[in-house]
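Dear colleague,

Please find the structure for your review below. My notes on it follow directly after.

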Amino acid sequence: MVKKAPGIGQVLAMVLFTLSVFGLLLFLWIAFGGTTPLKPQGYRFKAAFPEAALLVNEADVRMAGIRIGRVKSKELAPGGNRVLATLELDNQFAPIPRDTRAILRQRSLLGETYVELSPGSADSGELADGGTLPGTQVAETVEFEELFSAFDPETRRAFQEWLQEAGIAVGGDYAQDFNDSLGNLAGFAEAGADLMKPLNRQKLALRQVIRDTGRVFGAASEQEGALRGLIVNGNRTFAALASRDEALAQTFEVFPTFERETQATMIRLERFARDTDPLVRLLRQPATDLAPTLRDLGDLAPDLEQLFRDVDPLIDASEDGVPAAERFLEGAEPVLEAAHVFLPEVNPILAYLQFNRTLVASFLVAGAGSIGENLAGGYTHPRTSSTPEHLLAQWSFFELRSFMRDTTRPPWDRGNAYVAPNARWRATGLGVIESFDCRPTGGTLKDPVYSPPIAKAPPCFIAPKSLFQDQKYPRLRKGQAPFVSGPVGGNREGNSPAVP
């Protein structure tokens, strides 16, 4: 036997071992819900519960489903008919209002009990630390088995039989399947929640659907014969489908091919629609413009129908008339070929006469009257008794330049050798005709001005561009060579032949 005293190292090792064992035991104690020794107490209060046989220490104290504290101890209340429990709350949930209500609830079918608190009103004041909730604010616990006491004996018996049958259904060989179903219940619940969200948003419509479905089934139950006929006919329909099961199977076999071909066709139709969309947009306006034409054709249709009905005599006459017309056209072919040379030469003449139709008409009217007797200044003077003479009145204008050569144009000079067919009269003080140019006045002159030796010089306006074949009005210009094949009376520039 060794009686040597332990060394310092051995003492330290024993102390460390003892402390480690104590720390491990303390950790396990706290992990299993035990209290920390020497730890200061939190906010605590007491509540007396009428039925608390299953309430244990360190049970949860919850509010709105969230744990806010634990049950620290329980004892028999004075009188012996209640259990006085001491509840400790976490710091962030303390203190509680005085009108807070408490009740014992069970978390599972095994009877695990916890304390449920309902939030009170802050206006009622705070319950002091160590205080006790009034008994009127502690509700009686509703046990699970007490729910069945609300049912009559027949209902309880039916529920008991259902539980027995359910035990058979989930037992034996089906136990593993039922266990697997419970394991997949979480994922199913999450997916079901996602499915129920749209239904929750459309709860009004869903309520209406359920209500209307009830009405449909109610109406169906009233018409028992019709419902029976529907079921019988449905049975016959499915029987006929069963008799053609091979054809139906072939239909489902070729359906994927049909679906692929339909998809390809829809893709081509979509591409065709995109390519055709610009054309359809361009055809909208022509279609709108064509609508009046179609309406007019609708009004014309009766006349056309009458025309086609009366065309029979014309068809009969055409048997002789068409060959005769053919012979006439064959004979007129040389004449038409010869007209190819004549028509291009006569067209400019006709165009020029049409442009000057007003002057031509005035010449035809005034020319004939001027040589008539006592009309438009013309009169008859007897040369002899047997040979009278016809005279035509003439007017001549004389001014300073009529007897002398002048190298400049006075301010009152206007280049109006003759009036253009599209000339306009401008009545601004004095009525004047538009001129070829306004050089003597230095440009357009809107108002008459004083210009000796006359009292006023007339206004001056430049004539617009001629409307004849988009060319200027033909005028005589010095030094231009004549060109007769152009517009009548002028060259290709639309001017008259050159003059010296």
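The model is predicted, so local features need pLDDT of at least 70 and side-chain atom pairs count only at pLDDT 80 or more, while totals for chains, interfaces and linings use all residues. Residues are numbered from 1 along each chain as its sequence is written, and side-chain values use heavy atoms, with hydrogens and water left out.

The count comes to 1 disulfide (a pair of cysteine sulfur atoms within 2.5 Å). Cys438 and Cys460 form this bond, with their sulfur atoms 2.1 Å apart. The torsion about the S-S bond is about -95°, so the disulfide is left-handed. Cys438 has 4% relative accessibility and counts as buried (under 20% relative accessible area; exposed is over 50%, partly exposed in between; 1.4 Å probe, protein chains only). Cys460 is likewise buried, at 1%.

The structure holds 13 salt bridges (a side-chain nitrogen of Lys or Arg within 4 Å of a carboxyl oxygen of Asp or Glu). One of them joins Glu88 to Arg44, the closest N and O atoms being 2.9 Å apart.

Kind regards
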